[in-house]
Amino acid sequence: MSASDDQAAVERVLAGDISAFEQIVRRWQTPLVNLAYRFCRDRGRAEEMAQEAFLRAYRGLGQWRKDAAFSTWLFALATNFYRSELRRIPAGTVSIDDVREPADPRTLDGGLEEQDRDEAVRRAVLGLPVRYREALILFYFHEMDVPAAARSLGLPEGTVKARLFRGRELLRNKLPQVLAMPSLKEA
Amino acid sequence: MEDAELDRILSNHDEIQPSSGFVAAVMEAVEREAAAPAPIPFPWRRALPLFCLGAIALVSLIVIAGTAVIRAGNVMTRFTAVAPETGLFAAGGIGSALAWTGLALVVAFISVMASMRMVGSRG
């Protein structure tokens with residue numbers, strides 16, 4: 001399914017063929033659920049949030065101006081909803097100050113497992129202040145594409161870059177030992 | 001190196017697959033939404049005569065009030081003739097009306113500013 005298929009499906013829905021919306025859901029369900037999952041790290045809640053995002057997209061389908069790609073519009077709508085939803089009921093996370101490094105990362109078996117270390121870093125992202133967390137989540141979700149992250153967040157690129165810089169800095173300050181460790185592949 | 005490592009960790013996010021019933025659940029919600037009756041539009045045809053009546057009543061009230069003020073002004077004019085020190089406020093006519101209006105505006109402005117300042121100091 002391509003961008004033109006999206007447009008055709010949207011036009012059919014707007015003409016009254018609701019079943020055409022299923023094509024849109026099938027195409028975008030995985031990205032939208034995964035984006036929600038990155039925000040809340042809870043599978044059940046991610047699906048609920050994605051479902052509501054699709055419902056909002058259905059309601060607002062007529063507002064999509066075709067000057068931008070349908071995916072851009074959909075991600076911006078979903079991001080906006082996820083952000084407000086997470087502000088309303090925050091994810092079960094801890095503050096970055098409460099994210100603890102392992103007492104001794106270099107354990108007897110040669111170091112913290114790579115997987116555990118990666119998980120510690122991802123959890124630390126969820127503990128960041130909301131503005132930096134959102135910028136980091138969207139940046140990596142869009143495969144490190146700053147303009148795409150900026151469009152989803154509805155912010156200027158410069159603001160997103162500044163937030164990414166500060167977010168990374170906070171992470172590095174919080175988890176210096178973990179990040180300094182060589183990964184198992186390098187070791 | 002640190003940035004590259006951070007990029008690697010955060011890019012390699014574990015991806016989840018939506019559950020098998022996800023599409024069906026979304027479509028069910030969409031169909032429910034589509035089947036729901038459209039919101040009832042505001043009954044302009046019925047409300048418009050009422051709005052017109054209200055507007056006429058308001059204008060009548062203003063006219064009656066204005067007439068009453070003018071009559072009171074005449075009384076004040078007679079009063080001023082007896083007590084000229086009451087000045088412009090009791091002079092009657094357009095000058096008196098303007099003076100009272102100005103005074104009312106000043107009082108309203110002061111009360112608004114005072115209340116805004118009080119709210120601001122609490123916030």
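Predicted model: local features only at pLDDT ≥ 70, side-chain atom pairs only at ≥ 80, totals over all residues.
## Overall fold

Chain A has 9 helices and 0 strands. Read from the N terminus, its elements run α-α-α-α-α-α-α-α-α. The chain holds 187 residues, and 37% of them are buried.

Contacts in chain A reach across the sequence. Counting pairs at least 6 residues apart, 63% join residues at least 24 apart.

## Packing of α2 and α4

Two packed helices are described by the angle between their axes and the distance between the axes. For α2(A) and α4(A), the axes come within 10 Å and cross at roughly 30°. Angles under 35 degrees count as roughly parallel. The two helices α2(A) and α4(A) are therefore roughly parallel to each other. Their crossing is right-handed.

On the α2(A) side, the contact uses A:W28, A:L32, A:L35, A:A36, A:F39 and A:C40. These meet A:L74, A:A78, A:Y82 and A:L86 of α4(A). By class, this contact has 10 nonpolar residues, no polar residues and no charged residues.

## Helix α5

Helix α5 of chain A covers residues 114-126, 13 residues in total. From first C-alpha to last it reaches 19 Å, close to the 18 Å expected at 1.5 Å a residue.

Several of its residues are buried. They are A:R117, A:D118, A:A120, A:V121, A:A124, A:V125 and A:L126.

## Helix α6

The end C-alpha atoms of α6(A) are 16 Å apart. Its 12 residues should span 16 Å at 1.5 Å a residue, so the two values agree.

In α6(A), 10 of the 12 residues are buried, so this helix is largely enclosed by the rest of the structure. The buried set includes the charged residues A:R133 and A:E134. Just after α6(A), A:E143 takes a positive phi of about 55°.

## Contact with chain B

The contact between the chains takes 30 residues from chain A and 24 residues from chain B. On the chain A side, α2 (21-40), α3 (43-59), α5, α6 (130-141) and α8 (157-174) each supply at least two residues. Helix α2(A) gives the most, with 10 residues.

The side of chain A that touches chain B divides into 15 nonpolar, 5 polar and 10 charged residues.

Key
Residues numbered from 1 in each chain as written. Chains lettered and ligands numbered in written order. Helix = DSSP H or I, 4+ residues; strand = E, 2+ residues; numbered from the N terminus. Buried ≥ 20, exposed ≤ 12 C-beta atoms within 10 Å, placed from the backbone. Contact = placed C-beta atoms within 7 Å. Expected span 1.5 Å × (residues − 1). Axes fitted to C-alpha atoms, helices over the stretch in contact; angles between N-to-C directions. Parallel < 35°, antiparallel > 145°, perpendicular 65-115°, else oblique. Left-handed = near helix turned anticlockwise from the far one by under 90°.
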